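Keep the viewer open as you read.

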Amino acid sequence: MNGKKPRIIFHVDMNSFYASVEMAQNPTLKGKPLAICGNPEERRGIIVTCSYEARKYGVKTTMPLWEAKRLCPQLIVRRPNFDLYRKTSLQMFDLLREYTPFVEPVSIDEGYMDVTEQRIHPLQLAKTIQSRLVNDLDLPSSIGIAPNKFLAKTASNMKKPMGITLLRKREIPMKLWPLPIDEMHGIGTKTAEKLRSIGVNTIKDLADANEVQLKSLLGINGIRLKERANGIDPRVVDPDSIYDYKSVGNSTTLSKDTTSEEQLLATLRMLADKVSVRLKNKAVFATNLSVMIRYNDWTTHTRSKKLVNPTQDEGEIFEEAKKLFQTHWTKRPVRLLGITGNDLVDQRHAYKQLDLFSFEEDAKDEPLFQTLEQLKKKYGEAVVQKGITDHRNAGYTNTSFNKDFLIDLEKGKE
């Protein structure tokens, strides 16, 4: 024993959040099959979320609206009310912080809590929080209790809606290992396919898998997944993690399938502009760019490339995306296009690799750089900062709703 107190982590997951918020706002919707749909009038309309009453008919998230209505003709459809969801989410996280300052939002409707220092028994505390979410906000939730974040997330998924599940490490062989590999949190369809190709079909198989083989197949993530399968997850609950961005992307479904290169490039230019704006709002640069092409038969291909220089410039993003698209487009009708900036670096740490083509342009700024350095030496580092933004005080605009709303959450604490 090293004397360290075992951690107690909660994962609080709101049940069918958007639909539940709508029901709290309009109680006449309770007990009815309800779906929130992004664009009910157009074919791109898909189910964002739905009530558990709708799920009984087979309605699922990301299902096309027409299919959902076929399964459930009496389905009630509402457009998303993001302002209401944002406001409710802020209230939900404020409530969680009444019990511990260690609250880490991971999306609009879920977050981790470190309640290790609470004196009340974890099960009783979870019941109290769950009851308050219902009584104060009229919202159902499921709560997972475990010694780390991975197991807490796994536990919260085990009983929905309104579940409270305690998952101990010693229960992993019984409760976790028999499950199919694609039911493990953190493993998507493609990763599951790769793992099955080497005979890893269950979580137990992953827990026992050869590390060299896993690293060859999935890189360092393979080792990390094996650790999680064995219940090992050293990540702490970090309230500031909302400022960490791994990627920024935008995609759009075209009004109709097309093979018009002119229209497709115009769409890419529009997407490049949106991605650029979001990168600038977040004060980050992309060092890798990917383009997603979805054809009219729903097959989807994503191609990426590492950039010579980090960028957030819309022109550079468009040119790189254009090259990727033209190289890999098969001339078949396209349904959807997307651009994503990956492997993001903070604006403060972004650098530009000088080459024969950029050196002349950069050299023009040299007198300015020298002046800045002289000012810093005389008055300190903070006197002048070129292109540096503190994420906590940045003037963010609403871009990726599911994540960016958290900036408002943070401002509300100040």
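Start with Tyr 85, which is buried at 0% relative accessibility. Note that the model is predicted. Tyr 85 sits in helix 4 together with Phe 82, three residues away, or about one turn of the helix. Their rings form an edge-to-face aromatic pair, 6.1 Å centre to centre with 80° between the planes. Phe 82 is partly exposed, at 37% relative accessibility.

The structure holds five aromatic pairs. One of them joins Tyr 18 and Phe 82, again edge-to-face, at 6.2 Å centre to centre and 75° between the planes. Tyr 18 belongs to helix 1 (residues 17-25) and Phe 82 to helix 4 (residues 82-97), so this pair ties together parts 64 residues apart in sequence. Tyr 18 is buried, with a relative accessible area of 10%. Ring pairs link Phe 17, Tyr 18, Phe 82 and Tyr 85 into a cluster.

Rings also meet charges. Arg 55 lies over the face of Tyr 52, 4.3 Å from the ring centre. Lys 204 lies over the face of Trp 177, at 5.2 Å from the ring centre.

Turn to the backbone. Most residues other than glycine have a negative phi, and most peptide bonds are trans. Asp 138 has a positive phi of about 60°. Its loop runs between helix 5 (122-137) and strand 7 (141-146). Trp 298 has a positive phi of about 75°, in the loop between strand 10 (284-295) and strand 11 (300-311). Finally, a cis peptide bond joins Lys 160 and Pro 161, with omega about -5°. Pro 161 lies in the loop between helix 6 (149-156) and strand 8 (164-166).

Terms used:
Residues numbered from 1 in each chain as written. Predicted model: local features only at pLDDT ≥ 70, side-chain atom pairs only at ≥ 80, totals over all residues. Heavy atoms only, no water. Helix = DSSP H or I, 4+ residues; strand = E, 2+ residues; numbered from the N terminus. Phe/Tyr/Trp six-rings, centres within 6.5 Å; stacked < 30°, edge-to-face > 60°. Buried < 20%, exposed > 50% of the residue type's maximum accessible area, 1.4 Å probe, protein only. Lys NZ or Arg CZ within 6 Å of the ring centre and 35° of its normal.
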